[in-house]
Amino acid sequence: NRATLRSAIQRLIKEGRLYSIKGSGTYVAPPKLERSLQDAKSTSESVRAAGFVLQNKVLDVRVLECSRSVSQKLQIPLGRKVFYLSRLRIIDGTPYMLEGCYVNWELCPGLEEHDYTTESLYRVLNSHGVYPVQGEEQVGITYATEDEAKYLDVAEGDYLFYLSGTTRDAEDRLVEYCKSVVRADKVRFSTVLRRYSQ
(Lines give C-alpha, C1' and ligand atoms only; values in the text may rest on other atoms or scores of the structure.)
Protein backbone atom coordinates (compact mmCIF):
# COMPACT_ATOMS: atom_id res chain seq x y z
CA ASN A 1 0.00 0.00 0.00
CA ARG A 2 1.62 3.25 -1.15
CA ALA A 3 -0.01 5.38 1.54
CA THR A 4 1.32 3.06 4.25
CA LEU A 5 4.78 3.13 2.67
CA ARG A 6 4.81 6.95 2.48
CA SER A 7 3.69 7.16 6.11
CA ALA A 8 6.45 4.75 7.19
CA ILE A 9 9.09 6.73 5.25
CA GLN A 10 7.95 10.02 6.81
CA ARG A 11 8.15 8.46 10.26
CA LEU A 12 11.70 7.19 9.60
CA ILE A 13 12.69 10.67 8.37
CA LYS A 14 11.34 12.21 11.60
CA GLU A 15 13.30 9.65 13.61
CA GLY A 16 16.46 10.57 11.71
CA ARG A 17 16.92 7.12 10.18
CA LEU A 18 16.32 8.42 6.65
CA TYR A 19 16.75 11.79 4.98
CA SER A 20 15.23 13.19 1.83
CA ILE A 21 16.75 15.43 -0.85
CA LYS A 22 14.21 17.23 -3.00
CA GLY A 23 14.44 16.15 -6.62
CA SER A 24 16.93 13.39 -5.78
CA GLY A 25 15.44 10.79 -3.46
CA THR A 26 15.39 9.32 0.04
CA TYR A 27 18.53 7.92 1.61
CA VAL A 28 19.64 6.04 4.72
CA ALA A 29 20.99 8.53 7.26
CA PRO A 30 24.46 7.98 8.71
CA PRO A 31 24.47 6.71 12.32
CA LYS A 32 24.25 9.26 15.13
CA LEU A 33 26.82 9.53 17.87
CA GLU A 34 25.31 8.15 21.08
CA ARG A 35 26.37 10.01 24.21
CA SER A 36 25.59 8.79 27.70
CA LEU A 37 24.59 11.56 30.10
CA GLN A 38 26.25 9.53 32.88
CA ASP A 39 29.59 9.41 31.11
CA ALA A 40 32.45 11.72 32.11
CA LYS A 41 34.42 11.03 28.92
CA SER A 42 35.67 13.93 26.86
CA THR A 43 34.21 14.55 23.40
CA SER A 44 37.41 13.15 21.85
CA GLU A 45 37.13 9.92 23.84
CA SER A 46 33.39 9.49 23.12
CA VAL A 47 33.74 10.09 19.38
CA ARG A 48 36.74 7.83 18.88
CA ALA A 49 35.26 5.06 21.06
CA ALA A 50 32.21 5.06 18.75
CA GLY A 51 34.45 4.52 15.71
CA PHE A 52 34.13 7.99 14.19
CA VAL A 53 36.97 10.21 12.96
CA LEU A 54 37.22 13.51 14.87
CA GLN A 55 38.80 16.70 13.58
CA ASN A 56 39.12 20.00 15.42
CA LYS A 57 39.21 23.51 14.03
CA VAL A 58 40.44 26.00 16.63
CA LEU A 59 38.46 29.25 16.42
CA ASP A 60 39.92 31.07 19.42
CA VAL A 61 42.51 30.33 22.11
CA ARG A 62 43.73 32.80 24.74
CA VAL A 63 44.16 33.65 28.40
CA LEU A 64 41.74 36.31 29.66
CA GLU A 65 40.23 37.76 32.81
CA CYS A 66 37.08 35.90 33.75
CA SER A 67 33.71 37.60 33.51
CA ARG A 68 31.16 37.63 36.31
CA SER A 69 29.29 34.62 34.91
CA VAL A 70 32.47 32.54 34.45
CA SER A 71 33.63 33.61 37.92
CA GLN A 72 30.39 32.23 39.37
CA LYS A 73 30.57 29.00 37.36
CA LEU A 74 34.18 28.24 38.34
CA GLN A 75 33.82 29.76 41.81
CA ILE A 76 36.92 31.93 41.46
CA PRO A 77 37.33 35.68 42.08
CA LEU A 78 36.17 38.08 39.36
CA GLY A 79 39.06 39.02 37.07
CA ARG A 80 41.09 35.87 37.79
CA LYS A 81 42.85 34.42 34.74
CA VAL A 82 41.05 31.74 32.76
CA PHE A 83 42.12 29.83 29.67
CA TYR A 84 39.53 30.07 26.88
CA LEU A 85 39.33 27.60 24.00
CA SER A 86 36.73 27.71 21.22
CA ARG A 87 36.62 24.86 18.69
CA LEU A 88 34.51 23.52 15.87
CA ARG A 89 34.33 19.73 16.29
CA ILE A 90 33.96 17.80 13.04
CA ILE A 91 32.93 14.12 12.79
CA ASP A 92 33.69 12.16 9.62
CA GLY A 93 34.02 15.43 7.71
CA THR A 94 30.70 16.91 8.92
CA PRO A 95 30.48 19.83 11.42
CA TYR A 96 29.09 18.47 14.69
CA MET A 97 29.63 20.85 17.61
CA LEU A 98 30.65 24.41 18.43
CA GLU A 99 32.33 24.34 21.82
CA GLY A 100 33.65 27.01 24.16
CA CYS A 101 35.60 25.99 27.29
CA TYR A 102 36.87 28.06 30.20
CA VAL A 103 39.54 26.52 32.44
CA ASN A 104 40.89 27.86 35.74
CA TRP A 105 44.29 28.93 34.40
CA GLU A 106 45.99 28.94 37.82
CA LEU A 107 45.52 25.17 38.08
CA CYS A 108 47.51 24.59 34.89
CA PRO A 109 49.49 27.56 33.50
CA GLY A 110 50.75 27.04 29.97
CA LEU A 111 47.57 25.57 28.46
CA GLU A 112 47.69 28.22 25.75
CA GLU A 113 50.98 26.82 24.41
CA HIS A 114 49.41 23.64 22.99
CA ASP A 115 47.94 22.89 19.56
CA TYR A 116 44.30 21.87 20.08
CA THR A 117 43.74 20.95 16.45
CA THR A 118 45.52 17.70 17.28
CA GLU A 119 45.75 17.58 21.08
CA SER A 120 42.94 16.64 23.47
CA LEU A 121 42.25 19.26 26.14
CA TYR A 122 41.79 16.56 28.79
CA ARG A 123 45.10 14.90 27.88
CA VAL A 124 46.82 18.27 28.15
CA LEU A 125 45.19 18.80 31.55
CA ASN A 126 46.43 15.35 32.61
CA SER A 127 49.96 16.30 31.54
CA HIS A 128 49.68 19.27 33.92
CA GLY A 129 48.65 16.97 36.77
CA VAL A 130 44.92 17.84 36.58
CA TYR A 131 42.55 14.87 36.21
CA PRO A 132 38.87 15.68 35.51
CA VAL A 133 36.78 12.87 36.97
CA GLN A 134 33.23 14.16 37.45
CA GLY A 135 30.90 16.98 36.57
CA GLU A 136 27.42 18.29 35.95
CA GLU A 137 25.82 18.88 32.56
CA GLN A 138 22.54 20.41 31.45
CA VAL A 139 20.93 19.76 28.08
CA GLY A 140 18.46 22.10 26.41
CA ILE A 141 17.22 23.23 23.01
CA THR A 142 18.24 26.42 21.23
CA TYR A 143 18.03 27.90 17.72
CA ALA A 144 21.00 28.39 15.42
CA THR A 145 22.24 31.96 15.16
CA GLU A 146 23.66 33.26 11.90
CA ASP A 147 27.25 32.48 12.95
CA GLU A 148 26.38 29.07 14.42
CA ALA A 149 24.51 28.15 11.24
CA LYS A 150 27.53 29.09 9.15
CA TYR A 151 29.94 26.98 11.20
CA LEU A 152 27.64 23.97 11.64
CA ASP A 153 26.35 23.98 8.06
CA VAL A 154 22.68 24.24 9.05
CA ALA A 155 19.97 26.80 8.37
CA GLU A 156 19.66 29.83 10.64
CA GLY A 157 16.92 29.10 13.18
CA ASP A 158 17.35 25.30 13.04
CA TYR A 159 17.05 23.41 16.33
CA LEU A 160 20.32 22.66 18.13
CA PHE A 161 21.11 20.98 21.43
CA TYR A 162 22.57 23.40 23.96
CA LEU A 163 24.93 21.83 26.51
CA SER A 164 26.51 23.54 29.49
CA GLY A 165 28.28 22.21 32.53
CA THR A 166 31.24 22.14 34.86
CA THR A 167 33.94 19.57 35.55
CA ARG A 168 35.76 18.78 38.79
CA ASP A 169 39.07 17.05 39.29
CA ALA A 170 40.05 14.23 41.66
CA GLU A 171 40.58 16.81 44.43
CA ASP A 172 37.02 18.14 43.92
CA ARG A 173 38.28 21.44 42.46
CA LEU A 174 36.23 23.12 39.73
CA VAL A 175 38.43 22.92 36.64
CA GLU A 176 36.32 23.68 33.59
CA TYR A 177 33.13 25.42 32.53
CA CYS A 178 32.00 24.49 29.04
CA LYS A 179 29.10 25.43 26.80
CA SER A 180 28.35 23.95 23.38
CA VAL A 181 25.79 23.84 20.62
CA VAL A 182 25.38 20.51 18.82
CA ARG A 183 23.60 19.54 15.63
CA ALA A 184 20.47 17.62 16.67
CA ASP A 185 20.73 15.34 13.64
CA LYS A 186 24.19 14.11 14.66
CA VAL A 187 23.79 12.98 18.27
CA ARG A 188 21.46 10.95 20.47
CA PHE A 189 21.61 11.20 24.27
CA SER A 190 20.98 8.23 26.52
CA THR A 191 20.89 7.47 30.23
CA VAL A 192 20.22 4.55 32.56
CA LEU A 193 17.15 4.74 34.78
CA ARG A 194 17.06 2.90 38.08
CA ARG A 195 14.12 2.49 40.40
CA TYR A 196 15.00 2.21 44.05
CA SER A 197 12.66 0.34 46.37
CA GLN A 198 11.49 2.20 49.43
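## Buried cysteines

A residue counts as buried when its relative accessible area is under 20%. In this predicted model, C178 has a relative accessible area of 13%, so C178 is buried. C101 has 2% relative accessibility, and therefore counts as buried too.

What about cysteine pairs? A disulfide is a covalent bond between the sulfur atoms of two cysteines. The structure holds zero disulfides.

## The sheet

Let's turn to the strands. Six of them form an open sheet with antiparallel pairing, and their order is β4-β5-β6-β9-β8-β7. Which strands stand at the edges? They are β4, residues 54-65, and β7, residues 132-143. Each has a single partner strand, so one side of each is left without a neighbour in the sheet. From one strand to the next, the twist averages 15°.

Strands of a sheet pair through backbone hydrogen bonds, either parallel or antiparallel.

## The nonpolar core

The largest nonpolar core has 15 residues. Those with the most contacts inside this core are F83, V103, C108, L111, Y116, L121 and L125. At least two core residues come from each of β5 (81-91), β6 (94-104), α4 (121-127) and β9. Which element gives the largest share? That is α4, with four residues.

L125 is a handy place to start exploring. Which residues does L125 touch, leaving aside its neighbours within four places in sequence? L125 is in contact with V103, C108, L111, V130, P132 and V175.

Most residues other than glycine have a negative phi, and most peptide bonds are trans.

Q75 is found in the loop between α3 (68-74) and β5. Its phi is near 55°, a positive value in a residue other than glycine. Is Q75 buried or exposed? Q75 has a relative accessible area of 59%, so Q75 is exposed, given that the cut-off for exposed is over 50%.

D172 is found in the loop between β8 and β9. The phi of D172 is near 65°, again a positive value in a residue other than glycine. With a relative accessible area of 45%, D172 is partly exposed, because that class lies between the buried limit of 20% and the exposed limit of 50%.

Methods. Residues numbered from 1 in each chain as written. Predicted model: local features only at pLDDT ≥ 70, side-chain atom pairs only at ≥ 80, totals over all residues. Heavy atoms only, no water. Pairing = 2+ DSSP bridges. Axes fitted to C-alpha atoms, helices over the stretch in contact; angles between N-to-C directions. Core = buried A, V, L, I, M, F, W, Y, C linked by side-chain atoms within 4.5 Å. Buried < 20%, exposed > 50% of the residue type's maximum accessible area, 1.4 Å probe, protein only. Contact = heavy atoms within 4.5 Å. Disulfide = S-S within 2.5 Å.
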